[in-house]
Amino acid sequence: MFASYLLSGWIVASLVAFAAGFTGFFVVLRRESFAAHALPMAAFPGAAAAALCGVAQWPGLLVAALLGVALLFWLKRGQRRDAATALALVALLGLGALFLSLSGRYANAVYGLLFGQIFASSPADIPPALALAVLVPMALLMFFRPLLLGALSPDFTAGGAKGDVLFLIILALTASFALPVTGALLVFSLMTGPPGAACTLAASPRTGLMLSVVLAVALIWSALALSAATGWPAGFFTGVLAALLFLAARMWRRARQAPQLPGPA
Amino acid sequence: MLDGFFASTVVQSALLIGGAAAALSGIIGVFTILRGQSFAGHALADISSSGGALALLLGISPMAGFFGLSLLGGLGLGQRRRADSSLVAGIMLGAGLGLTALLLHFAVSQRGVAGAAVTIMFGSLFAAPPGAGAWALGGALAGLLLIACLYRPLLLASLSEELAALRGAKVRLLDVLFLGMLALSVTLSAMSVGAILSTALLIGPAATALRLTRRPPAAMALAALLGVACAWAGVALAYASYGWTPGRVWPVSFFITACVLLTYIIAAWRRG
């Protein structure tokens with residue numbers, strides 16, 4: 001399970017989960033689960049276009065994710081937020097399907113991009129993941145108070161739209177780096193399951209944030225260990241363990257009636 | 001060229017399935033947007049993909065698989081007015097997709113169905129199993145009939161739950177029935193454009209129609225018309241694209257999604 005050719009997979013996954021735990025805490029408090037699901041899809045056509053042109057994956061991911069944020073903001077004018085997110089999501093997925101189909105590597109590439117190929121990581125994936133694990137928490141901690149206040153009572157924050165853009169950009173960055181690891185569909189589980197459980201259990205934002213990061217890393221480790229032991233895809237264990245973690249936290253709170261954050265009631 | 005288009009049974013079945021799915025999804029989509037349940041609709045679609053994968057693994061009809069799992073998902077989603085409904089939908093969606101990953105892994109390794117991920121996630125309207133057209137038509141008609149029976153209470157409950165409850169409507173029952181209809185429409189759309197793209201047919205035409213008119217019956221008729229037009233245009237374009245890039249396929253789901261998005265952009269532009 002700790003064989004050397006799997007080592008870079010473990011390192012990359014841990015770094016990605018660390019960043020996802022941070023971002024996910026705000027996803028849950030700001031009730032942005034749908035955006036957190038849609039923005040990884042923004043990175044998906046980027047990866048597909050990179051495959052089509054035969055260039056390195058991560059610049060494509062980055063550009064596409066930022067374009068996705070712009071598209072989301074354009075669609076959100078004069079439209080309900082959830083419907084706009086749905087439109088952005090299918091626009092980007094449709095493009096991704098086209099690029100992959102034209103690149104002629106359809107079947108295998110689709111599975112990899114949607115569900116992840118963590119054990120295919122190479123040592124070259126470590127520097128970008130490390131940059132992510134340093135930059136995302138730094139940005140979130142720098143804007144900790146405005147982001148938190150905007151989450152808890154949107155009316156209070158002047159320039160709420162600015163905080164909104166900033167947060168969606170951070171979300172897009174996390175998503176695009178995590179995509180090759182967990183796949184477009186399951187980055188999302190890391191950003192909702194552990195933080196959802198943490199917000200259910202924690203009594204203050206600080207403990208909530210720390211718990212969220214710890215749980216996210218623990219989740220990806222268990223998923224990888226189970227995947228290495230059984231040979232089943234890591235994405236399966238990520239998605240299912242995230243749901244079980246959340247369920248367990250809910251039941252624990254119901255049994256204890258512990259105090260809670262006001263966000264996810 | 002046109003003779004060949006309409007004479008092909010593959011094209012006929014694609015037009016039938018795509019049209020039936022788009023008509024039902026357009027109407028259900030207007031309710032979905034009014035109820036603020038776009039994420040629930042997308043979550044059901046993602047969960048239903050595991051049904052598609054299961055059907056592939058067991059060798060049963062994909063339609064049964066999609067419908068069974070999206071119904072189960074609908075029961076799990078439950079009430080819509082809870083503060084954390086989007087978080088719960090998201091986490092269920094993650095678990096559903098995880099299950100899809102596992103089932104596809106088995107389908108590919110045990111039954112050797114290469115390309116299964118593409119078929120289920122992005123659809124393959126031109127490869128629909130024989131007889132699927134009749135089932136799709138029947139499903140769409142059943143859905144439309146149910147809407148016709150429930151139209152007034154459902155619309156009122158979608159706009160204001162309190163008002164509907166005051167007028168004596170059984171709001172909880174309507175919630176459950178609506179999720180059942182949503183599951184049906186997601187199933188038909190998943191057969192046409194694939195599980196994760198089915199949201200294009202559900203939300204796209206309905207959002208366009210709601211930009212153009214605020215009257216619910218007009219919006220529903222317009223959404224159904226636009227949806228069918230986009231689905232058929234997509235099929236025609238995919239058929240025409242056959243020779244554009246030799247050896248490379250332009251997927252029909254891409255064309256349908258592109259038509260849906262283009263009509264939305266044009267409508268949004270005109271309305272400013």
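## Where the two chains meet

In this predicted model, 47 residues of chain A are in contact with 47 residues of chain B. On the chain A side, the elements that supply two or more residues each are α2 (33-53), α4 (81-103), α5 (106-115), α9 and α11 (234-256). The largest share comes from α4(A), with 13 residues. If you sort the chain A side by residue class, you get 30 nonpolar, 14 polar and 3 charged residues.

## A core with α4(A) in it

The largest nonpolar core has 207 residues, and A:V16 and A:L87 have the most contacts inside it. The biggest contribution to this core is that of α4(A), which gives 16 residues.

Leaving aside residues up to four places away in sequence, A:L87 touches A:L75 in chain A, and from chain B it touches B:I203, B:G204, B:A207 and B:Y264.

## Chain A as a whole

What secondary structure does chain A have? There are 11 helices and 0 strands, so the order of elements from the N terminus on is simply α-α-α-α-α-α-α-α-α-α-α. Of the 265 residues in chain A, 58% count as buried.

The contacts in chain A also reach across the sequence. Taking contacts between residues at least 6 apart in sequence, 77% of them join residues at least 24 apart.

A:L140 gives a local view of this chain. This leucine is found in helix α6 (residues 126-142) of chain A. Is A:L140 buried or exposed? It is buried, because 21 other C-beta atoms lie within 10 Å, and the cut-off for buried is 20 or more. Not counting residues up to four places away in sequence, A:L140 touches A:F22, A:T23, A:F26, A:L147 and A:I170. A:L140 and A:F167 are 27 residues apart in sequence, and their C-alpha atoms are 8.3 Å apart in space.

## Helices α9 and α10 of chain A

Now for a helix pair in chain A. The axes of α9 (residues 187-201) and α10 (residues 205-230) of chain A come within 8 Å and cross at roughly 135 degrees. Because of that angle, α9(A) is oblique to α10(A). The crossing of α9(A) and α10(A) is right-handed.

From α9(A), the residues that meet α10(A) are A:L190, A:G193, A:P194, A:P195, A:A197, A:A198, A:C199 and A:L201. Their partners in α10(A) are A:G208, A:L211, A:S212, A:L215, A:A216, A:L219 and A:I220. By class, the contact of α9(A) with α10(A) holds 12 nonpolar, 3 polar and no charged residues.

## Helices α7 and α9 of chain B

The crossing of α7(B) with α9(B) is left-handed.

Residues of α7(B) in this contact include B:A132, B:G139, B:G143 and B:L150, while those of α9(B) include B:V171, B:F178, B:S185 and B:M191. The contact of α7(B) with α9(B) divides into 17 nonpolar, 3 polar and no charged residues.

Methods: Residues numbered from 1 in each chain as written. Chains lettered and ligands numbered in written order. Predicted model: local features only at pLDDT ≥ 70, side-chain atom pairs only at ≥ 80, totals over all residues. Axes fitted to C-alpha atoms, helices over the stretch in contact; angles between N-to-C directions. Helix = DSSP H or I, 4+ residues; strand = E, 2+ residues; numbered from the N terminus. Parallel < 35°, antiparallel > 145°, perpendicular 65-115°, else oblique. Left-handed = near helix turned anticlockwise from the far one by under 90°. Contact = placed C-beta atoms within 7 Å. Nonpolar A, V, L, I, M, F, W, Y, C, P; charged D, E, K, R; others polar. Buried ≥ 20, exposed ≤ 12 C-beta atoms within 10 Å, placed from the backbone. Core = buried A, V, L, I, M, F, W, Y, C linked by C-beta atoms within 7 Å.
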